[in-house]
Amino acid sequence: MSRDANTDDALAAAVSALTAEIAGLHDDRARRRLLDLATGVLVDQLRVTPAEAADHLLELAVSTGLSAGDLAADILNAAAKSLVAEAPADARRIRRATAAVLATDTAGEAAVTLLDGGLRRIGVRTLYLWRRTGTDCLALAGQAGAGPQEARHWQWVPPDTPLHRVLWEGAAWWGVDDWLPGGTGTRAVLPLRRHGHIVGVALCVWDTAQAPDDRVRRTAELLCEPCGALLGEPDPPGTRAAEAVLLELATGPAVLLGADGRLEYVNPAARTALGAVRSPVGRSAAEVFPYAWSALAPAADRTEPRRLGHVGGLDDVRVLPLGRGRAAVLWEAAALRSEALTRVLGRLERVGYFEEDLLTGATRWSQETYTLFGMDRDAPPVPLARLGARLHPEDVPLLEGLLASLGEGRRGDRALVRAIRADGGVRHVRIAAEPLLSGAALTGLTGVYQDVSAQHHNELALSAAQEDATARARFVLQLQRAIVPEAPLTAEPAGGLDVAVRYRPASQDYLVGGDWYDVLVLPDGRVLVAVGDIAGHGIDAATSMVVLRNALRGLAVTGAGPGRLMTWLNEVTLGTRGGPTATAVCAVYDPVAGSLRWAGAGHPPVLLLREGRARILDAPHNILLGAVAGADYEEASLALLPGDTLLLYTDGFVERRHVSMDRSLAALRRAAQRVGAGPVESMADALLSAVTGDTDDDTSLVVVRVPRTGAGPGVAAGPVAAGPHPGVREP
């Protein structure tokens, strides 16, 4: 036998021995946990010290002929008085399994322990454990028996699903529901409690649709019961920072850093990415990101967002300073992204993927790469450095230039070469490659091969697509201008208000956006004023804008207040084709009472100009439209005085690159004070000239004023009190 074979055998034996040792330590820890729990019961029942209770437990074990573990399980079962089992052996097995769960450190370990130690005996094939978040979403805390793809799919479950009925009702659910993961068998969704509060749910999946009997049901509930202790308390409603709520919606890993350098929040994707770090919230960022902290710390202290790229094992790192020393850190999960890239490329024709580990010499090709080069899929893949033998001799220098860029220049590059297939055919292949670096060391290569032999066909198709895109853009622009005209829109006073509106399109026609505004006198005499902005550009944004604008008009005739209107409009947005999101502000003016009620949805705030002083109107911080189902939108109110002027606008009016929104709003406030309260038409034109965003986005502006004369009843004229007013703040 060779030395290498002896080394491999020795390594395998060492790994096997260490694995057995770790398993033994886990078993011993679970046994000690079981004995500790039983000792605690004896302390309470016998009124003795813990030491005396432990001695008594051992004496009882000797006298009864049972092991200490079996006796401890019997004591706990007797104390619980609720265990259903066919025989004492089954009852002891259940109690041992629950003790093993309590001895684990994470919900992931608990799921594996529970499935192997008890649930599999009663037919359970898969187990999921979800933690309840502060927004009543469910974040996967652990699973056993599920495939990696299915587990990733169920990492994050938004509210209002079949799983959530257990959260609301607090009772277990048994049945068959194809929406739930795991196939078509019976499911059990069980509430998990800690200190009396429901902190999550467990899902047990059987292969068969036959309903389990009462014994199996009770056994499953008892086995899952201790898992709640590993999930932690959910955040009380209203206590989580708004930034954390937004990061919770992010699909990639994201964490929130406090001013003290500790993690305030970790979203579900980050919990998965940081699986090796136990309880990351509250730990210092330097401890959680030891290799990246030297780069993250300076970026977190800056005032502007920074994109750091690959840092300390994290890919595509972005740092968003939030003020007062706090920051959000977002990155990509490299392994998941690589797998996703492979799947995406597999769906494209004539595109193959390759990856090389220069440290081990391993090379990996996708199936499409074998097809492109006409090679048998059982043949070993060819490293990029040795691909020259399969190219036209005249193109070998192009390959060498690409390798020089990757190896010496440490930069990505591409080359167009002719590949000679095994069947004698020739393919024009574009190679695009990137180096994989660990610090300054080149550790690997990755990239794609694309068959561009039919390039001229693609160019013809591209030309036709460009003509079609031009026609679509022209149509969308005409549609938008028909609904949101660029020309000043002057109308008779609406409900006693003077109104002027302006729309400024994007600087480039192809950036057709989703800005909209509306001023509508309602049947009861009140006036609706609304401004909104659909995320994105193009025909989807324009058509979504039409849907929301018309929906709000229809909903407003019900007489509901702005908060209720925005709640309904959120549901309309969620049901709109294409899944748009939008920001908006909706205000309703009552000319009889002289009052204004308004509600926003992630939109820039309303500005009030009163007696020459401009102020920002405070309102509850509501989430944008189309983000979360069932969201409630709170509203604010304010009494308006004769001469008061309101500005409603979209973010393109004030946003500037590399300038915070607070600074942009302060500039708007100063400009409004300089312009003054002249005629609303003149004021709208002056503001549109004085305030200019630089994000190339379209802009909507609505100027609304309560006239000083002819005001409706309930609008009392008189001096304006000095100092701040309710619902008003200065930035």
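1. In this predicted model, helix 19 covers residues 661–675, and at 1.5 Å a residue its 15 residues should span 21 Å. Directly after helix 19 comes glycine 676, whose phi is positive, near 80°.

2. The buried residues of helix 19 are Ser664, Leu665, Ala666, Leu668, Arg669, Ala671 and Ala672. These buried residues pack against strand 23 (607–610), strand 24 (613–617) and strand 26 (645–649), as well as against helix 20 (680–690). An α-helix has 3.6 residues a turn, so residues three or four places apart point the same way.

3. Turning to a sheet elsewhere in the chain, 5 strands form an open sheet in the order 8-7-11-10-9, with antiparallel pairing. Strand 8 (263–266) and strand 9 (306–311) are the edge strands, each of which pairs on one side only, and the twist from one strand to the next averages 20°.

4. Within this sheet, strand 10 (residues 314–323) and strand 11 (residues 326–332) run antiparallel and are joined by 6 bridges; proline 321 stands opposite alanine 327 in strand 11. Helix 12 (residues 293–301) lies across strand 7 (254–257), strand 9, strand 10 and strand 11, and runs at about 30° to strand 10.

5. Arginine 326 is in strand 11 and glutamate 264 in strand 8, so that the pair links distant parts of the chain, 62 residues apart. Arginine 326 is buried, with a relative accessible area of 12%, whereas glutamate 264 is partly exposed at 39%.

6. The count of salt bridges comes to 18, and another of them joins aspartate 207 to arginine 125, with the closest N and O atoms 2.3 Å apart. Aspartate 207 lies in the loop between strand 6 (197–206) and helix 8 (214–224), and arginine 125 lies in strand 1 (residues 124–132), so the pair ties together parts that are 82 residues apart in sequence. Aspartate 207 is exposed, with a relative accessible area of 58%, while arginine 125 is partly exposed at 29%.

7. Finally, Glu394, Asp395 and Arg418 are linked in a network of salt bridges, in which the closest N and O atoms of aspartate 395 and arginine 418 are 2.9 Å apart. Aspartate 395 is buried, with a relative accessible area of 6%, and arginine 418 counts as partly exposed at 24%.

Notes: Residues are numbered from 1 along each chain as its sequence is written. This is a predicted model: local features need pLDDT of at least 70, side-chain atom pairs count only at pLDDT 80 or more; totals for chains, interfaces and linings use all residues. Side-chain values use heavy atoms; hydrogens and water are left out. Helices (H or I, at least four residues) and strands (E, at least two) are DSSP runs, numbered from the N terminus. The expected span of a helix is 1.5 Å times one less than its number of residues. Buried means under 20% relative accessible area, exposed over 50%, partly exposed in between (1.4 Å probe, protein chains only). Contact means heavy atoms within 4.5 Å. Two strands pair if DSSP finds at least two bridges between them. Axes are lines fitted to C-alpha atoms, for helices over the stretch in contact, and angles run from 0 to 180 degrees between N-to-C directions. A salt bridge is a side-chain nitrogen of Lys or Arg within 4 Å of a carboxyl oxygen of Asp or Glu.
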